[in-house]
Amino acid sequence: MRRVVVTGLGTVSPLACGVEETWTRLLAGQSAARPLVHFDASDLPCRIGCVPPKGDGSGGTYNPDDWMEPKEQRKVDEFIVYAMSAATQALRDASWKPETYEKQTTTGVMIGSGIGGIGGIYDGSITLHEKGPRRLSPFFIPGRLANLASGYVSIEHGLKGPNHSVVTACSTGAHAIGDAARIVALGDAEVMLAGGTESAVNRVGIAGFCACRALSTSYNDTPEKASRPYDKGRDGFVMGEGAAVVVVEALDHALARGAKIYAEIVGYGMSGDAFHITSPSEDGDGAYRCMAAALKRAGMAAADIDYINAHGTSTPLGDEIELRAIERLLGAHGSKVSMSSTKSAVGHLLGAAGALEAIFSILAIRDGVAPPTLNLDNPSVETSIDLVPHVARKRKIDVALSNSFGFGGTNASLIFRRYQ
Amino acid sequence: MSDVAERVKKIVVEHLGVEADKVVASANFIDDLGADSLDTVELVMAFEEEFNVEIPDDAAETIVTVGDAVKFLEKNATA
């Protein structure tokens with residue numbers, strides 16, 4: 001199998017539109033959680049969320065018109081516009097502009113979404129109910145399908161290689177990057193745009209996650225305090241939305257064109273819990289096997305890991321189960337590892353989470369710094385692992401592992417290594 | 001320009017994102033204004049809504065230019 005590297009990054013995150021702006025704010029300990037004001041949340045138990053800051057595009061704000069024609073935006077849900085922005089940023093960052101037939105046919109797209117256009121499906125259902133089938137837009141279906149993020153991005157940039165999409169709930173972004181890396185490693189493409197996108201911070205999305213008791217409800221007046229992984233006061237996750245896309249490229253291809261190389265993708269593991277639709281298996285065995293599989297694929301030992309970007313959603317059950325699985329994996333090496341949950345700052349971006357956290361893991365390697373876990377005032381458990389409370393920590397990071405676990409018991413782990 | 005023509009023009013500009021001066025009677029939605037087959041379906045829906053009229057599929061197929069739309073709607077509009 002061929003070696004595979006990451007050569008470009010792009011994001012519309014709740015902290016900012018743009019990778020460097022997002023990273024700077026993350027390291028500074030900023031929280032993106034805010035009261036929800038763009039729809040009526042007054043009767044919902046959770047009234048907070050993390051949404052990209054809209055503006056004219058300057059100062060890290062997100063201006064959808066910079067990334068997609070307004071007349072096209074009208075036809076699609078926001079998750080597609082987010083994906084267009086993140087993908088275009090990533091291609092520019094990688095200086096990859098496939099214009100010949102050969103370059104286009106060897107460049108593919110694998111951008112997933114946990115849910116797809118749930119907001120638009122809700123609106124369309126109301127139109128159907130109130131006005132009948134003749135009033136349903138011809139763009140109702142193509143503007144909501146989860147794989148249409150990949151579709152729109154491929155059309156915009158003329159990418160004619162493999163066109164695929166992942167739908168594995170909160171593991172989507174990690175699975176997309178791992179699967180894309182395999183497509184490149186096997187030689188089915190030279191370059192893949194891979195990642196995740198989500199826009200479910202709307203009335204039906206928040207109400208739905210409230211119904212399964214997944215969201216934080218005790219911090220509506222202090223939203224920036226709500227996402228607090230590992231802390232005694234945690235009571236559920238804070239939902240976020242946005243997109244993150246990376247350029248995954250064959251090492252030989254990247255070297256031949258003199259591309260900037262961020263990191264190598266060395267490990268990818270997958271597992272299933274076969275336990276419960278929303279709860280992780282109590283023994284953490286699914287998480288453990290997933291990380292162990294990634295290590296095996298990387299040909300590495302647990303002692304090689306420097307930094308872990310945890311799934312750590314800030315739910316009462318999940319955080320500790322993951323932590324115990326990681327302690328089991330690391331053994332005595334645990335005391336030498338730093339692990340943070342960046343969901344404490346950006347919230348849980350569902351299908352985009354794994355991709356955004358992959359970017360954070362890659363930048364942690366690039367800059368030798370572990371981003372912080374915000375709001376970790378009183379850890380609910382003792383551990384020898386450094387959970388990077390409150391402030392970022394400068395340290396040696398050559399190898400980073402990123403975990404993502406999704407509803408349905410679907411798990412994915414990625415391992416990135418400093419390229420040398 | 002008639003009132004109907006003005007309203008048609010506004011809808012076409014909004015839905016297809018084209019310059020207003022390109023929306024002339026002879027302009028073909030697909031060949032001249034960049035619409036695709038789904039855009040034309042949506043345009044017909046927008047005309048139905050604006051003019052409170054039902055445009056059956058066989059009639060919709062005959063509306064290929066801005067002028068066709070204006071002519072049909074001047075004859076059939078109820079709003």
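Me: Which residue stands opposite Leu414 of chain A?
Reply: A:Ser402 stands opposite A:Leu414, which is in E14(A). This is a predicted model, by the way.

Me: What pairs with E14(A) on the E13(A) side, parallel or antiparallel?
Reply: Antiparallel. Strand E13 of chain A, residues 399–406, pairs with E14(A) over eight bridges.

Me: And what about the hairpin of those two, how many residues sit between the strands?
Reply: Three residues lie between E13(A) and E14(A). In that hairpin A:Gly408 has a positive phi near 95°.

Me: How is E8(A) joined to E14(A)?
Reply: By eight bridges, with the two strands running antiparallel. E8 of chain A covers residues 263–272. Within this pairing, A:Gly267 has A:Ile415 of E14(A) as its bridge partner.

Me: Is E14(A) mostly buried or exposed?
Reply: Buried. Seven of the eight residues in E14(A), residues 410–417, are buried, so the strand is largely enclosed by the rest of the structure.

Me: Zoom out. What is the strand order of the sheet?
Reply: E5-E4-E6-E7-E1-E8-E14-E13-E9-E10, in chain A. It is an open sheet of 10 strands with mixed pairing.

Me: Which strands stand at the edges?
Reply: E5 (163–164) and E10 of chain A. Each has a single partner strand, so one side of each lacks a neighbour in the sheet.

Me: Take E5(A). Does E4(A) run parallel or antiparallel to it, and how many bridges join them?
Reply: Parallel, with two bridges. E4 of chain A spans residues 107–112. A:Met110 stands opposite A:His164 in E5(A).

Me: Which strands does helix H3(A) lie across?
Reply: E1 (4–12), E4, E6 (191–198) and E7 (242–250) of chain A. H3(A) is residues 78–93, and runs at about 135° to E1(A).

Me: Switching to helices. At what angle do H1(A) and H13(A) cross?
Reply: Roughly 75°, and their axes come within 11 Å. That makes H1(A) roughly perpendicular to H13(A). H1(A) is residues 19–27 and H13(A) is residues 353–367.

Me: Which residues make the contact?
Reply: From H1(A), A:Val19, A:Glu20, A:Thr22, A:Trp23 and A:Leu26. From H13(A), A:Ile359, A:Phe360, A:Leu363, A:Ala364, A:Arg366 and A:Asp367. By class, the contact of H1(A) with H13(A) has seven nonpolar, one polar and three charged residues.

Me: Where is A:Ala28?
Reply: In the loop between H1 and strand E2 (34–35) of chain A. A:Ala28 counts as exposed, because its relative accessibility is 57% and the cut-off is over 50%.

Me: New topic, A:His333. Buried or exposed?
Reply: Buried, because the relative accessible area of A:His333 is 13% and buried means under 20%. A:His333 is in the loop between helix H11 (318–330) and strand E10 (338–340) of chain A.

Me: What lies 3.3 Å from a polar atom of the A:His333 side chain?
Reply: The backbone oxygen of A:Ala303. Leaving aside neighbours within four places in sequence, A:His333 is in contact with A:Ala302, A:Ala303, A:Asp304 and A:Ile305.

Me: Last one, A:Gln104. Which helix is it in?
Reply: Helix H4 of chain A, residues 101–105. A:Gln104 is buried, at 14% relative accessible area. Not counting residues up to four places away in sequence, A:Gln104 touches A:Pro98, A:Glu99, A:Gly158, A:Leu159, A:Lys160 and A:Gly161.

Definitions and conventions
Residues numbered from 1 in each chain as written. Chains lettered and ligands numbered in written order. Predicted model: local features only at pLDDT ≥ 70, side-chain atom pairs only at ≥ 80, totals over all residues. Heavy atoms only, no water. Buried < 20%, exposed > 50% of the residue type's maximum accessible area, 1.4 Å probe, protein only. Helix = DSSP H or I, 4+ residues; strand = E, 2+ residues; numbered from the N terminus. Pairing = 2+ DSSP bridges. Polar contact = N/O pair within 3.5 Å; in protein donor to acceptor, adjacent residues only side chain to side chain. Contact = heavy atoms within 4.5 Å. Axes fitted to C-alpha atoms, helices over the stretch in contact; angles between N-to-C directions. Parallel < 35°, antiparallel > 145°, perpendicular 65-115°, else oblique. Nonpolar A, V, L, I, M, F, W, Y, C, P; charged D, E, K, R; others polar.
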